[in-house]
Amino acid sequence: MPGRVELDPVEQRVLGALLEKQRTVPDSYPLSLNSLRTACNQTTSRDPVVSYDEPTVVDALNRLRDRELVRFLKPAGLRVVKYHQRLEEQLGLDEERTALLTVLLLRGPQTPGELLPRVERILAFADRQGVEEVLREMAALDPPLVRELDRAVGQRDRRWAHLLGTGPEPAAPAPSVDREQVLAAGAAARDRLVATEYDRLAGSYAVALGDDLDAKPFDRWLLDRLAGWAEGEQGLDVGCGPAQVAGYLAGRGVAMTGLDLSANMLARARELHPEVQVVRGSFAVPPMPRDADPRDPGWAVVSAWYAFAHLAASELAPTLAALTRVLRRGGRLALAAQVGDEVRHPGVLWDVATELDFVLHDAAGLIAAAQAAGLVELEWYRRGALPQETPVECLYLLGRRDG
C-alpha cells in the first residue's frame, strides 16, 4: 500500500468530483476545466456547498499533478486540456473502496446507513452490512484510508471519515436519520410486518382515511390531471389501502387496479369501491395490465399515494424503476410522500397499537430516484400539513415515461 496521501479541502473536492464523474458520466470523462469546476460547485450531493473560481481549481490541479494524483490530457484534434484522476491508481483501490471514498470526499463523514443510498449512483451495495465490511477493510489498511468516529449526540450509528484530508477533527453534524433501519431484519421480514399490521389496522384506516381526499384540494387537482391523460385506459394504484385514490381515479374514467400487501385492506377496497379491480402483491414487482396492447403493453398511469412510507431510502430508485417499466410509452407516474429527516414510530394509530415505522424521505433523494428511473418532464410540488394532518411536509412528484 502506498504512503499516506494528504489533501487540502479544494484538492479533496477536485478529486472527489473527478472520481464521481468518471463513473456516472463516462462518455464525458476526462473532464474539461469548465466541467470540473461545475462538478465541484454542484449544490446537491456536496457538503459543504462551495463556489470555486477557475484560478482556485487550476491551482489545485497543478498541485495534484505535481504529486502524480492528476494527469493532464490533450486529446488529438482538441485544443482544450482535460483532467483525469490518478488517486485510484496511486492507492491501488478496487471498485468498492473507490465508490465509498468518492462519497466521503464529496460529503464528509457519514454513517453506513447514509452512505448506502448515496453511493448507489456509483456502485450498488447489497445492504448496509456490505458497506460496513468494506469500511472496516479500509480502516485496517496500512496506512488506513478511513476511520470510525465517536458517536455524535442524538445519533444511532457512528460516522466514518476518510483520512486523506488535512485539518481539524471533523465537526459533528446535526443528528441525521438512518432510513435503512426498516431493513434491519431484511426486506421480506419488513413486508410481512407491513402486511400483518395493515391487516389489523384495515378497519380503522378505512374509517379515518377512506374519504380524506375530500379535504385535500391539491391532491384532487393532481389526480384530476393524471386522470385526464388516461380516461378510458388502465391505471395502477400501488399501496392502494381501501382504494380511496383508485376509486377517485375510477370515478374520472380510468379503469383502475389497486395493489396492496394487506388482504384485509383489499377486502375493504372491494366493499368501498367495487369498480376497482384489486390484486395482492408487492409493488417491487408490479403487475402488467390485462388485455394490454401487445405493441405497447403497460399502464397508462401509475399512482403511489404515500405508498413509500415503509421503504428504506436505498429502495426508492429500484422501486421507481420497476414502476416506470410497467408504464406504457408516454405513460405518467404520480406520487405523494411525506418528507423530512425522521423515521417515526407512532406506537398507536387510530386507537390501535402498531409496530409500523414511517420513513420521512429526503425530497431531493426522491426526485433523484425518479430521474434515475428514467422519468422525464418531472414536476414536483411541496406543501405544508393541513390542519387535520400530521404536521409534516408533503412532496408531490409527476413524471412521464420517455417514448
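Trainee: What should I know before I start?
Mentor: This is a predicted model: local features need pLDDT of at least 70, side-chain atom pairs count only at pLDDT 80 or more, and totals for chains, interfaces and linings use all residues. Residues are numbered from 1 along each chain as its sequence is written, and side-chain values use heavy atoms, with hydrogens and water left out.

Trainee: How are helices and strands defined?
Mentor: They are DSSP runs, numbered from the N terminus: helices are H or I with at least four residues, strands are E with at least two. Two strands pair if DSSP finds at least two bridges between them.

Trainee: OK, what is the order of the seven strands in the open sheet?
Mentor: The order is β8-β7-β6-β9-β10-β16-β15, with mixed pairing. At the edges sit β8 (277-280) and β15 (375-383), each pairing on one side only. On average, neighbouring strands are turned by 15 degrees against each other, direction ignored. Axes here are lines fitted to C-alpha atoms, for helices over the stretch in contact, and angles run from 0 to 180 degrees between N-to-C directions.

Trainee: In what sense do β6 and β7 pair?
Mentor: Parallel, over five bridges, between β6 (residues 234-238) and β7 (residues 255-260). Gln234 stands opposite Ala255 in β7. The chain gets from β6 to β7 through helix α10 (residues 244-250), and that β-α-β crossover is right-handed. Right-handed means that, with the strands pointing away from the viewer, the path from the first strand over the helix to the second runs clockwise.
Mentor: As for other facing residues, Gly235 is opposite Met256 in β7.

Trainee: And how many bridges between β7 and β8?
Mentor: Four, again in the parallel sense. Leu259 faces Val279 in β8. β7, helix α11 (residues 263-272) and β8 form a right-handed β-α-β unit.

Trainee: How many residues of β7 are buried?
Mentor: Five of its six, so β7 is mostly covered, where buried means under 20% relative accessible area, exposed over 50%, and partly exposed in between (1.4 Å probe, protein chains only).

Trainee: Which helix lies across β10, β15 and β16?
Mentor: That is α13 (residues 363-372), running at about 165 degrees to β15.

Trainee: What is the strand order in the three-strand sheet?
Mentor: β1-β3-β2, with antiparallel pairing. Its edge strands are β1 (31-32) and β2 (70-73). Four bridges join β2 to β3 (residues 82-85). Arg71 has His84 as its bridge partner in β3. Helix α3 (residues 54-66) lies across β2 and β3, at about 110 degrees to β2.

Trainee: New topic. Why call α5 largely enclosed?
Mentor: Because 10 of its 13 residues are buried. Among them are Arg97, Leu100 and Val103. The cover includes α1 (9-24), α7 (128-139) and β5 (160-162).

Trainee: What happens at the ends of α5?
Mentor: Asp94 caps the N-terminal end, with a side-chain oxygen 3.3 Å from the backbone nitrogen of Glu96. Just after α5, Gly108 takes a positive phi of about 75 degrees.

Trainee: Where is Leu201, and is Leu201 buried or exposed?
Mentor: Leu201 is in helix α8 (residues 187-209). At 0% relative accessibility, Leu201 counts as buried. Setting aside neighbours within four places in sequence, Leu201 is in contact (heavy atoms within 4.5 Å) with residues including Leu349 and Trp350. Leu201 and Trp350 are 149 residues apart in sequence, yet 8.2 Å apart in space, C-alpha to C-alpha.

Trainee: What does Asp296 contact?
Mentor: Arg328 and Arg329, leaving aside neighbours within four places in sequence. Asp296 lies in the loop between β8 and β9 (299-305). Its 18% relative accessibility counts as buried.

Trainee: Which peptide bonds are cis?
Mentor: Cis bonds include the one joining Tyr29 and Pro30, with omega about 0 degrees. Pro30 is in the loop between α1 and β1. Another runs from Asp142 to Pro143, with omega near 0 degrees. Most residues other than glycine have a negative phi, and most peptide bonds are trans.

Trainee: Which residues other than glycine have a positive phi?
Mentor: One of them is Glu68, near 60 degrees. Glu68 sits in the loop between α3 and β2 and is partly exposed, with a relative accessible area of 43%. Glu377 has a phi near 50 degrees and is found in strand β15.

Notes
A polar contact is a pair of N or O atoms within 3.5 Å; within protein, one must be able to donate a hydrogen and the other to accept it, and residues adjacent in sequence count only if both atoms are side-chain atoms.
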